[in-house]
Each structure stands twice: as C-alpha cells, then as structure tokens.
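Here are some exercises to work through with the model open beside you. Try each task before reading its solution.

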Amino acid sequence: MDTAEILKKIRKIEITTRKLVNEIFSGEYHSMFKGQGLEFSEIREYQTGDSFKEIDWNVTARYGHPYIKKFKETRELNVIFLIDGSSSTVFGTKNLLKNELIAELTALLSFSALSNNDKVGMLLFSDKTEVYSPPRKGKKNALKILRDILYYQSENKTTNLESAIKHIWSLAKKKSIIFIISDFISEDYEYSLKILAKKHDVIAFKINDPAELEMPKAGLMHFQDPETGELFSFNTSSKKLRDEYNQLTKEREADINESFKKMNIDMLNMSTDKPYIFDLIKFFKYRMAKRR
C-alpha cells in the first residue's frame with residue numbers, strides 16, 4: 001500500500017470516528033472519566049438558578065448582596081492504549097480485520113480524550129514493545145498512533161502481554177486510564193495485570209472475529225497459525241470436529257471472562273462483524289452505574 005492509500009485510509013477512520021465523537025460519544029467519555037479535581041474559576045453575582053451551596057458568604061457580607069464562587073474541573077488525564085500488534089490481529093473474515101477494529105476503537109477513544117483536554121499515548125506490543133508514544137495532546141500524535149496500529153511492520157509475530165504490562169508499569173508514573181485492546185491470545189499475564197489495575201484505571205477490550213469462535217461447515221480447509229506459522233488441515237464437514245472446536249472456544253472465552261471478573265477489571269467483547277458504538281456506550285454506562 002502506497003503513502004497516498006495509507007493517508008486516505010487513516011483520513012477515512014478519522015472522519016468516521018470524529019463524527020461519532022461529536023454526535024454521540026464525547027459526553028459519555030467525559031462523564032465516565034472525571035478530572036483530577038476542581039480549581040477556582042471565578043466569583044460573580046448570584047443569578048436565578050444558581051445553587052445556594054455555591055454562595056461565598058464572606059464576599060456576600062462584604063458587598064451586601066449574594067455572590068457565588070465557581071470552580072471548574074481540572075482535566076489533563078493521561079490515557080494510554082496498550083495495543084496488541086501481533087500477527088493474530090491481522091485477521092478478519094467479515095467487515096474488518098481485527099487490527100482495523102482496534103484502530104477505529106483507539107481513534108474514537110483518542111479523539112474523545114483530546115476533546116476533553118486529556119493526553120493520549122500508546123504502547124504497541126507483540127512479544128516485545130514495538131512502539132511507545134508517551135501521552136501528549138494534539139491531533140498529530142493521535143494520527144501517528146493510528147498509523148502505527150495499522151501499518152507498523154514488526155518482525156515479531158507472537159504475543160507476550162505480560163511483558164507489555166510490566167513495561168507500561170515502569171513507564172506510567174502518573175495514575176492513568178489504560179485501555180488494553182487485544183485478542184488476548186497470550187498466557188500468564190493475570191498477576192501482572194491485577195497489579196497494574198491497583199495503580200491505574202484499567203479497561204479491557206477483547207477483539208474477536210466470528211471465524212475464530214465457531215468453525216464453519218466448508219469441507220476441507222487449510223489454516224495457518226499467524227503467530228507460529230504452523231499449518232493445519234481440517235475436514236470441517238465433520239460435525240463432531242466442529243462441535244469439539246466450538247466447545248473448546250466457548251470454554252476459553254468463558255475462562256477469560258471469569259479471569260477478568262476475578263481481577264475486578266471490566267472487559268467488553270467486540271467483534272469484527274458488528275457495529276460497536278452502542279455496545280461501547282452501554283458498557284460505559286454500566287461502569288458508571290457500578291461506581292455509584
């Protein structure tokens with residue numbers, strides 16, 4: 001893909017996600033992630049509709065009529081995306097590849113963060129850290145993150161989520177919102193993730209493709225593991241084989257969901273064949289209700 005095509009694709013994602021931010025999602029993001037505190041904004045005369053709780057009684061006594069003290073929310077939250085860039089994400093059988101869905105979701109959350117005056121950063125990983133972009137403001141940084149997700153060429157194909165978690169722990173000194181976006185085809189990361197979630201607000205998005213969860217009936221099929229390169233052939237006409245495969249994937253999905261419940265980390269399953277925006281809003285509203 002040449003540079004013009006890359007820029008065109010990134011621009012399309014930017015336009016799509018910015019529209020979602022402006023029309024639907026930005027308010028949800030702001031409500032979900034409050035600022036670090038309040039700072040003084042102004043003192044002004046009391047107006048009809050103002051809360052009596054905001055009255056500054058010292059200034060009111062001095063001038064003989066009511067004045068209120070106003071505060072504004074301080075933002076500048078750090079938002080960091082822990083992005084799976086392994087070969088298993090360059091896969092899709094429906095509307096999008098998994099890494100395209102990852103890119104769209106990251107763009108939506110990035111532009112929401114920037115519209116709320118927050119900083120955005122990213123750690124892209126495979127079996128090691130591939131790219132680290134420290135949290136910054138500005139559209140240019142968000143577009144670089146988007147480009148890296150879609151087009152960064154790594155020689156490493158496998159996934160080591162635990163290594164990525166440990167690395168972001170060492171880098172993120174300030175309490176941050178950390179979105180982990182991955183298919184979670186990795187092992188032995190639970191302990192490190194639980195430790196990370198004690199310091200930061202960690203949210204997980206698990207990216208799936210329907211073909212990974214349910215074997216189709218399509219006769220003899222050839223498969224290649226994108227991370228190991230290993231080749232397989234299966235006769236998918238066999239109902240027994242399909243049932244066994246489908247049962248194994250259901251058990252694996254259930255194990256992952258149960259693991260995140262035990263860690264008290266919220267996780268949303270997202271699929272390449274379904275619109276995601278309203279599921280995302282519902283998920284954020286669920287998190288807000290749970291915290292009240």
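**Exercise 1. Is Phe184 buried or exposed, and what is its relative accessible area?**

A word on the model comes before the solution. This is a predicted model, in which local features need pLDDT of at least 70 and side-chain atom pairs count only at pLDDT 80 or more, while totals for chains, interfaces and linings use all residues. Residues are numbered from 1 along each chain as its sequence is written, and side-chain values use heavy atoms, with hydrogens and water left out.

Step 1: Phe184 has a relative accessible area of 1% and is buried. Buried means under 20% relative accessible area, exposed over 50%, and partly exposed in between (1.4 Å probe, protein chains only).
Step 2: Check the backbone too: phi of Phe184 is near 55 degrees, a positive value in a residue other than glycine.

**Exercise 2. Describe Asn117 in the loop between α3 and β4 (119–125).**

Step 1: The phi of Asn117, a residue other than glycine, is positive, near 70 degrees.
Step 2: With a relative accessible area of 38%, Asn117 is partly exposed.

**Exercise 3. Work out how α3 packs on helix α4 (residues 139–151).**

Step 1: Two packed helices are described by the angle between their axes and the distance between the axes. Axes are lines fitted to C-alpha atoms, for helices over the stretch in contact, and angles run from 0 to 180 degrees between N-to-C directions.
Step 2: For α3 and α4 the angle is about 170 degrees, and the axes are 9 Å apart.
Step 3: α3 is therefore roughly antiparallel to α4; angles under 35 degrees count as roughly parallel, over 145 as roughly antiparallel, 65 to 115 as roughly perpendicular and the rest as oblique.
Step 4: By class, the contact of α3 with α4 divides into 11 nonpolar, 3 polar and 2 charged residues. Here Ala, Val, Leu, Ile, Met, Phe, Trp, Tyr, Cys and Pro count as nonpolar, Asp, Glu, Lys and Arg as charged, and the others, Gly among them, as polar.

**Exercise 4. At roughly what angle do helix α5 (residues 161–171) and helix α6 (residues 190–199) cross?**

Step 1: Their axes come within 9 Å and cross at roughly 25 degrees.
Step 2: α5 and α6 are therefore roughly parallel to each other.
Step 3: Glu162, Ile165, Lys166, Ile168 and Trp169 in α5 meet Ser192, Leu193, Ile195, Leu196 and Lys199 in α6.
Step 4: By class, this contact of α5 with α6 has 6 nonpolar, 1 polar and 3 charged residues.

Notes:
Helices (H or I, at least four residues) and strands (E, at least two) are DSSP runs, numbered from the N terminus. Contact means heavy atoms within 4.5 Å.
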